[in-house]
Amino acid sequence: MSTIGFSIRRATVDDAALMSRIASETFVETFGHLYPAQDLQYFLDHSYSTAAQRDSLADPASAMWLVEDAHGAAIGHAYAGPCGLPHAAARAGDGELKRLYLLARTHNAGVGSQLLQAALDWLQRDGPRTLWVGVWSENLGAQRFYARHGFEKVGEYEFPVGQTRDHEFILRRRPGVA
Ligand SMILES: CC(C)(COP(=O)(O)OP(=O)(O)OC[C@H]1O[C@@H](n2cnc3c(N)ncnc32)[C@H](O)[C@@H]1OP(=O)(O)O)[C@@H](O)C(=O)NCCC(=O)NCCS
């Protein structure tokens, strides 16, 4: 495992444009090759726009984090909030890790684990609760990563990216699991 200098901080509404940029950059780098250009652009324009990030950042039920390198440049982000995944067992009060993305050049250095921990701590700020995450069915690396952090596959669903439908797994972590 390599080591890199980095810091993690909660993002504020003033970070909306920066969040839009790093969210778009990491999504395109990770998954951009999977979609027709118009589907990818539609998704970025609607879900990753500055306005959409500002709405999420202004919502007290949600939180976002920025990861910055030693020079202050954004290298990743996370986003958490109430569970919105379509699973029959999901309850009001359950939390969801909605995004966890780092630039590829920083992978496998332990940054993702620390970023995940920041999101889990916030999601469980009032005590243990059931947590959920959706992950692409073919993203085996992320599935291993979440399994190591106590998440288990409990369902599947289709995630829209423009007209494309991604086959996704729904993972759950029960309260009190470390
Ligand atoms: C998933 C991710 C946040 C993990 O962060 P990280 O800093 O690389 O993780 P750590 O160094 O703490 O742990 C390493 C583990 O991360 C996972 N991982 C590493 N590279 C990965 C990649 N390119 N894609 C997905 N998972 C990856 C693996 O489980 C790896 O361990 P293993 O391959 O030895 O089993 C990071 O790899 C990433 O941003 N991947 C691309 C975006 C992504 O897939 N996000 C999840 C969407 S649900």
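**Sheet and helices of the predicted model**

Strand 3 and strand 4 are paired in the antiparallel sense, with 7 bridges between them. Within this pairing, Tyr 79 has Arg 99 of strand 4 as its bridge partner. The structure described here is a predicted model. On its other pairing, strand 4 runs parallel to strand 5, to which it is joined by 3 bridges. Here Leu 97 stands opposite Val 133 of strand 5. Strand 4 is mostly covered, since 8 of its 8 residues are buried.

These strands belong to an open sheet of 7 strands, in which the order is 1-2-3-4-5-7-6 and the pairing is mixed. The edges are formed by strand 1 (6-10) and strand 6 (152-161), each of which pairs on one side only. From one strand to the next, the twist averages 25°.

Helix 1 (residues 16-31) touches strand 2, strand 3 (74-82) and strand 4 (95-102), and its direction makes about 100° with that of strand 3. Helix 4 (residues 111-123) also packs on the sheet, where it touches strand 1, strand 2, strand 3, strand 4 and strand 5 (131-136). The direction of helix 4 makes about 25° with that of strand 3. Together, strand 4, helix 4 and strand 5 make up a right-handed β-α-β unit.

The length of helix 1 agrees with expectation: at 1.5 Å a residue, its 16 residues should span 22 Å, and its end C-alpha atoms are 22 Å apart. Its buried residues are Ala 16, Met 19, Ile 22, Ala 23 and Thr 26. Viewed down the axis of helix 1, the buried residues fall within an arc of 135°, so they line one face of the helix. An α-helix has 3.6 residues a turn, so residues three or four places apart point the same way. The cover over the buried residues of helix 1 includes helix 3 (50-58), strand 2, strand 3 and strand 4.

Helix 4 contains 13 residues and reaches 18 Å from its first C-alpha to its last, which is close to the 18 Å expected at 1.5 Å a residue. Val 111, Gly 112, Leu 115, Leu 116, Ala 119 and Leu 123 are buried in this helix. Down the axis of helix 4, these buried residues fall within an arc of 130°, so they line one face of the helix. They pack against strand 1, strand 2, strand 3, strand 4, strand 5 and helix 5 (140-148). The face of helix 4 turned away from the buried side carries the exposed residues Ser 113, Gln 117 and Asp 121.

A further position lies in strand 7 (residues 164-173), namely Arg 172. Arg 172 counts as buried because it has 21 C-beta neighbours inside 10 Å, where 20 or more are required. Leaving aside residues up to four places away in sequence, Arg 172 touches Thr 130, Trp 132, Phe 151, Glu 152 and Val 154. One of these, Phe 151, is 21 residues from Arg 172 in sequence, yet the two are 5.1 Å apart in space, C-alpha to C-alpha.

How values were computed
Residues are numbered from 1 along each chain as its sequence is written. This is a predicted model: local features need pLDDT of at least 70, side-chain atom pairs count only at pLDDT 80 or more; totals for chains, interfaces and linings use all residues. Two strands pair if DSSP finds at least two bridges between them. Helices (H or I, at least four residues) and strands (E, at least two) are DSSP runs, numbered from the N terminus. Axes are lines fitted to C-alpha atoms, for helices over the stretch in contact, and angles run from 0 to 180 degrees between N-to-C directions. Two residues are in contact if their C-beta atoms, placed from the backbone, lie within 7 Å. A residue is buried if 20 or more other C-beta atoms lie within 10 Å of its own, exposed if 12 or fewer, and partly exposed in between; C-beta atoms are placed from the backbone. A crossover is right-handed if, with the strands pointing away from the viewer, the path from the first strand over the helix to the second runs clockwise. The expected span of a helix is 1.5 Å times one less than its number of residues. The arc is that of the directions from the helix axis to the C-beta atoms.
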